[in-house]
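Subject: Structure for you to look at

Hello,

Here is the structure I said I would pass on.

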Amino acid sequence: MPYNIFSDGGVTPEALGYIQTSGYTVGDTQEQIVSGNITGELGKYGVKTPWATDGVGVNFGAEYRREQLDQVPDETSLSGDLSGAGGAAPPVHGAFDVKELFAEVRAPLIQDAPFIKSLSFEGGYRYSQYSLSGDTNTYKLALTGRRPATSASAGRSSGRCGPPNVNELFTPQEITNTSDVSVDPCSAAGSLGSATATLEQCERTGVTAAQYGDGRDPAIGGTNKVAQCPPSSAAPSTAAIPT
């Protein structure tokens, strides 16, 4: 038996060398940005309001961005033969680009008046063309003074909780050892967290009251004898329990 766990000293360096191997994944991300803009202060040309000393300021520009991800696992990682690694690691490749045009303006409306120290208008517009999700139009309108008021519209390439990165966009779905059950629902959820399933439910799966993860410290009579999934988090499980 090359790997003997049933005798003291049975797991030798030779035995470990027989079953152990290494795995690795090589990857990189790239971002390319080309951007240009022109800023101008139009007060020198007389473009300003009669109640302001500063002129209108403008900014125009364009930008191109490209993001790319390449991730290549070795043969061992690709096959999913590494115990405890969470499953096979598939290769990942993907890229997207964004082309944008934008314009901004800032116009002082009133300055150093008897009752208004400063009041300015700010506006902005951005057109974006995403290679994955199409076109977006965003804008900003604001009055800036002692009590600023702003109206704005914003867009993202996809998703509602934040702009996705290339890893989120192109990593494929995969089966791992935590895909169906992230934690054992009959084990303590944390160091002193109780099981997410009831004792009655766990007894239907063969767990006894003496094993059930009741969340109490073993030093004061707690059970918590069911081992938690090694790669699990402390998040509640959504696995089905017999009812």
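A term first: a residue is called buried when its relative accessible area is under 20%, exposed when it is over 50%, and partly exposed in between. Arg 204 has 42% relative accessibility, so it counts as partly exposed. Keep in mind that this is a predicted model.

Overall make-up

The protein has 4 helices and 6 strands. Read from the N terminus, the order of the elements is α-β-β-α-β-β-β-β-α-α. Of its 243 residues, 24% are buried. The protein exposes about 16100 Å², and 55% of that comes from carbon and sulfur atoms. Among contacts with a separation of 6 or more, 55% are between residues 24 or more positions apart.

Salt bridges

How many salt bridges are there? The count comes to 9. One of them joins Glu 100 and Arg 65, with the closest N and O atoms 2.8 Å apart. This pair links distant parts of the chain: Glu 100 is in strand S3 (residues 92–111) and Arg 65 is in strand S2 (residues 57–73), 35 residues apart. Both Glu 100 and Arg 65 are buried.

Glu 100 also forms a salt bridge with Arg 126, and here the closest N and O atoms are 2.9 Å apart. Arg 126 lies in strand S4 (residues 118–130) and Glu 100 in strand S3, so this pair ties together parts that are 26 residues apart in sequence. Why does Glu 100 count as buried? Its relative accessibility is 6%, and the cut-off for buried is under 20%. Arg 126, with a relative accessible area of 28%, is partly exposed. Glu 63, Arg 65, Glu 100 and Arg 126 are linked in a network of salt bridges.

Glu 200 has a relative accessible area of 52%, so it is exposed.

Surface patch

Which residues form a nonpolar patch on the surface? They are Tyr 3, Ile 5, Phe 6, Val 11, Tyr 18 and Ile 19, and together they have about 680 Å² of accessible area. Ile 5 sits in the segment before helix H1 (13–19). With 55% relative accessibility, Ile 5 counts as exposed.

Regards

Terms used
Residues are numbered from 1 along each chain as its sequence is written. This is a predicted model: local features need pLDDT of at least 70, side-chain atom pairs count only at pLDDT 80 or more; totals for chains, interfaces and linings use all residues. Side-chain values use heavy atoms; hydrogens and water are left out. Patches are made of residues with over 30% relative accessible area and no salt bridge: like charges are joined within 9 Å, nonpolar side chains (Val, Leu, Ile, Met, Phe, Trp, Tyr) within 5 Å. Accessible areas come from the Shrake-Rupley method with a 1.4 Å probe; for residues, only the protein chains shown count as cover. A salt bridge is a side-chain nitrogen of Lys or Arg within 4 Å of a carboxyl oxygen of Asp or Glu. Helices (H or I, at least four residues) and strands (E, at least two) are DSSP runs, numbered from the N terminus. Buried means under 20% relative accessible area, exposed over 50%, partly exposed in between (1.4 Å probe, protein chains only). Contact means heavy atoms within 4.5 Å.
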